[in-house]
Amino acid sequence: LHERILSPTTATMAELWTSLMCLHRLFELMPRVFASGWRQEEIENMLLVVLDHGNNPDVRVLGFYTLCLYMISQGDNYSETTIDLFTNAISLRAFSYIDMPAASGVVGKL
(Lines give C-alpha, C1' and ligand atoms only; values in the text may rest on other atoms or scores of the structure.)
Protein backbone atom coordinates (compact mmCIF):
# COMPACT_ATOMS: atom_id res chain seq x y z
CA LEU A 1 0.00 0.00 0.00
CA HIS A 2 2.07 2.91 1.28
CA GLU A 3 4.95 3.63 3.61
CA ARG A 4 3.92 4.99 6.99
CA ILE A 5 5.72 8.07 8.23
CA LEU A 6 6.81 7.26 11.76
CA SER A 7 9.33 10.03 12.36
CA PRO A 8 8.61 13.70 11.65
CA THR A 9 12.31 14.37 11.10
CA THR A 10 12.84 12.26 8.01
CA ALA A 11 13.54 13.59 4.54
CA THR A 12 10.16 12.17 3.55
CA MET A 13 8.49 14.43 6.10
CA ALA A 14 10.34 17.49 4.76
CA GLU A 15 9.18 16.68 1.23
CA LEU A 16 5.65 16.04 2.45
CA TRP A 17 5.56 19.32 4.37
CA THR A 18 6.78 21.28 1.33
CA SER A 19 4.25 19.60 -0.94
CA LEU A 20 1.36 20.17 1.43
CA MET A 21 2.26 23.84 1.93
CA CYS A 22 2.11 24.29 -1.86
CA LEU A 23 -1.22 22.50 -1.93
CA HIS A 24 -2.53 24.74 0.88
CA ARG A 25 -1.62 27.78 -1.19
CA LEU A 26 -3.43 26.34 -4.23
CA PHE A 27 -6.55 25.71 -2.14
CA GLU A 28 -6.44 29.36 -1.13
CA LEU A 29 -5.80 30.78 -4.60
CA MET A 30 -8.06 28.52 -6.69
CA PRO A 31 -11.02 27.33 -4.61
CA ARG A 32 -13.37 27.21 -7.62
CA VAL A 33 -11.06 24.79 -9.41
CA PHE A 34 -11.13 22.39 -6.45
CA ALA A 35 -14.86 22.90 -5.92
CA SER A 36 -15.38 21.72 -9.50
CA GLY A 37 -13.75 18.39 -8.62
CA TRP A 38 -10.35 18.95 -10.23
CA ARG A 39 -7.94 16.19 -9.13
CA GLN A 40 -10.42 15.13 -6.47
CA GLU A 41 -9.53 11.45 -6.50
CA GLU A 42 -5.77 12.11 -6.36
CA ILE A 43 -6.15 14.56 -3.45
CA GLU A 44 -8.42 12.20 -1.53
CA ASN A 45 -5.97 9.32 -2.04
CA MET A 46 -3.09 11.47 -0.82
CA LEU A 47 -5.10 12.52 2.24
CA LEU A 48 -5.99 8.90 2.94
CA VAL A 49 -2.26 8.09 3.12
CA VAL A 50 -1.36 11.12 5.25
CA LEU A 51 -4.26 10.57 7.69
CA ASP A 52 -3.38 6.90 8.24
CA HIS A 53 -3.67 6.15 11.97
CA GLY A 54 -0.28 4.41 11.85
CA ASN A 55 1.55 7.61 10.90
CA ASN A 56 3.33 9.88 13.34
CA PRO A 57 0.81 12.18 15.08
CA ASP A 58 2.53 15.28 13.66
CA VAL A 59 1.98 13.93 10.15
CA ARG A 60 -1.67 13.24 10.89
CA VAL A 61 -2.21 16.73 12.33
CA LEU A 62 -0.75 18.24 9.17
CA GLY A 63 -2.99 15.93 7.14
CA PHE A 64 -6.07 16.96 9.10
CA TYR A 65 -5.24 20.63 8.58
CA THR A 66 -4.84 19.94 4.86
CA LEU A 67 -8.18 18.12 4.81
CA CYS A 68 -9.89 21.09 6.50
CA LEU A 69 -8.42 23.52 3.96
CA TYR A 70 -9.46 21.21 1.13
CA MET A 71 -13.01 21.08 2.46
CA ILE A 72 -13.14 24.89 2.76
CA SER A 73 -12.01 25.21 -0.86
CA GLN A 74 -14.79 22.84 -1.93
CA GLY A 75 -17.58 24.96 -0.51
CA ASP A 76 -20.43 22.53 0.05
CA ASN A 77 -19.49 20.15 -2.79
CA TYR A 78 -18.06 17.38 -0.60
CA SER A 79 -17.76 13.91 -2.02
CA GLU A 80 -18.69 10.90 0.08
CA THR A 81 -14.98 10.05 0.29
CA THR A 82 -14.14 13.50 1.67
CA ILE A 83 -16.84 13.13 4.33
CA ASP A 84 -15.47 9.69 5.22
CA LEU A 85 -11.95 11.10 5.51
CA PHE A 86 -13.19 13.78 7.89
CA THR A 87 -15.29 11.33 9.91
CA ASN A 88 -12.41 8.89 10.35
CA ALA A 89 -9.58 11.40 10.74
CA ILE A 90 -9.64 11.43 14.54
CA SER A 91 -9.66 8.11 16.32
CA LEU A 92 -11.95 7.90 19.32
CA ARG A 93 -9.01 6.23 21.10
CA ALA A 94 -7.46 9.71 21.28
CA PHE A 95 -10.05 10.54 23.93
CA SER A 96 -9.50 7.40 26.01
CA TYR A 97 -6.73 9.10 27.97
CA ILE A 98 -8.91 12.00 29.07
CA ASP A 99 -10.38 11.64 32.54
CA MET A 100 -13.99 12.57 31.87
CA PRO A 101 -16.62 12.74 34.61
CA ALA A 102 -19.39 10.18 34.59
CA ALA A 103 -22.37 11.23 32.49
CA SER A 104 -24.95 9.97 34.99
CA GLY A 105 -25.45 13.37 36.66
CA VAL A 106 -25.44 15.23 33.36
CA VAL A 107 -28.20 13.30 31.61
CA GLY A 108 -30.96 14.48 33.95
CA LYS A 109 -29.93 18.13 33.45
CA LEU A 110 -30.26 18.09 29.66
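Which backbone oxygen does the side chain of Asn77 reach? The legends below describe close-up views of a predicted model.

**View A. Asn77 and the backbone oxygen of Ala35.** The side chain of Asn77 reaches the backbone oxygen of Ala35 at 3.4 Å. Asn77 sits in the loop that lies between H4 and helix H5 (80-88). Its relative accessibility is 43%, so Asn77 counts as partly exposed. Between Asn77 and Ser36 there are 8.0 Å in space, C-alpha to C-alpha, although the two are 41 residues apart in sequence.

**View B. Arg39 in the loop between helix H2 (31-35) and H3.** The phi angle of Arg39 is near 55°. This is a positive value in a residue other than glycine. With a relative accessible area of 45%, Arg39 is partly exposed.

**View C. Packing of helix H3 (residues 40-50) and helix H4 (residues 57-73).** The axes of H3 and H4 are 9 Å apart, and the helices pack at an angle of about 155°. H3 is therefore roughly antiparallel to H4, since angles over 145 degrees count as roughly antiparallel. The crossing of the two helices is left-handed.

**View D. Residues in the contact of H3 with H4.** On the H3 side, the contact is made by Gln40, Ile43, Glu44, Leu47 and Val50. H4 contributes Val59, Arg60, Gly63, Thr66, Leu67 and Tyr70. By class, 6 residues of this contact are nonpolar, 3 are polar and 2 are charged.

Technical notes
Residues numbered from 1 in each chain as written. Predicted model: local features only at pLDDT ≥ 70, side-chain atom pairs only at ≥ 80, totals over all residues. Heavy atoms only, no water. Axes fitted to C-alpha atoms, helices over the stretch in contact; angles between N-to-C directions. Helix = DSSP H or I, 4+ residues; strand = E, 2+ residues; numbered from the N terminus. Parallel < 35°, antiparallel > 145°, perpendicular 65-115°, else oblique. Left-handed = near helix turned anticlockwise from the far one by under 90°. Contact = heavy atoms within 4.5 Å. Nonpolar A, V, L, I, M, F, W, Y, C, P; charged D, E, K, R; others polar. Buried < 20%, exposed > 50% of the residue type's maximum accessible area, 1.4 Å probe, protein only. Polar contact = N/O pair within 3.5 Å; in protein donor to acceptor, adjacent residues only side chain to side chain.
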